[in-house]
Amino acid sequence: MEQALVQAKSAAERGEVPVGAVLVDSRSKEVVAASGNRVIELCDPTAHAELLTIRAACQALGTERIASCDLYVTLEPCAMCATAAAFARIRRIIYAATDHKNGAIDNGARIFNQSTCHHRPEIISGISETAAKKLLREFFNAKR
């Protein structure tokens, strides 16, 4: 999660919402891919940290299924990112801060509770939650 927080801080420095993601191979414990949000930079509403990380990991591993990987992310994934994680067959999602407004794992749409969801990764939440919330709070306070 430390590396995901570094990605989130880099995103904030670029003026992006500070969300960072890191994908780790659970067997080797090596980082496969990492990114922060790049929505503004790429003029792409889908350029969330999770999607960029999943895309890069799939390219690096040469497959669309990355079942041996764990996704560390600083904020609860939205419906788009949670669904992409399911399609990629990610083994585990570990997220820091809950997102009561746009989260879709433990809040909102609860993607993995839907009968149409074909893959349900293990979910762990609250890791480094205080640091992630502080980063988000400082970013949005500075914007106001």
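Ser128 is partly exposed, with a relative accessible area of 28%. In this predicted model, Ser128 sits in the loop between β5 and α5 (129-143). Its phi is positive, about 60°, although Ser128 is not a glycine.

- Ser128 has a phi of about 60°, and its place is the loop between β5 and α5.
- Arg110 is not a glycine either, yet its phi is positive at about 45°.
- Arg110 belongs to the loop between β4 (92-97) and β5 (122-125).
- The relative accessibility of Arg110 is 37%, so this residue counts as partly exposed.

- Side chains of opposite charge can pair when their charged atoms come close.
- Glu129 and Lys133 form a salt bridge, with their closest N and O atoms 3.1 Å apart.
- Both Glu129 and Lys133 lie in helix α5, four residues apart, which is about one turn of the helix.
- Glu129 has a relative accessible area of 26% and is therefore partly exposed.
- Lys133 is also partly exposed, because its relative accessibility is 34%.

- Asp70 pairs with Arg92 in a salt bridge whose closest N and O atoms are 3.6 Å apart.
- This pair links distant parts of the chain: Asp70 is in strand β3 (residues 69-75) and Arg92 is in strand β4, 22 residues apart.
- Asp70 counts as buried because its relative accessibility is 3%, under the 20% limit.
- Arg92 is buried too, since its relative accessible area of 19% is under 20%.

**A salt bridge between a buried and an exposed residue**

- The side chains of Arg27 and Asp25 meet in a salt bridge, at 3.1 Å from N to O.
- Asp25, at 8% relative accessibility, counts as buried.

**A network of shared partners**

- Which residues do salt bridges with shared partners join into one network? They are Asp70, Arg91, Arg92 and Glu122.
- Two members of this network, Asp70 and Arg92, are the partners in the salt bridge at 3.6 Å.

Definitions and conventions:
Residues are numbered from 1 along each chain as its sequence is written. This is a predicted model: local features need pLDDT of at least 70, side-chain atom pairs count only at pLDDT 80 or more; totals for chains, interfaces and linings use all residues. Side-chain values use heavy atoms; hydrogens and water are left out. Helices (H or I, at least four residues) and strands (E, at least two) are DSSP runs, numbered from the N terminus. Buried means under 20% relative accessible area, exposed over 50%, partly exposed in between (1.4 Å probe, protein chains only). A salt bridge is a side-chain nitrogen of Lys or Arg within 4 Å of a carboxyl oxygen of Asp or Glu.
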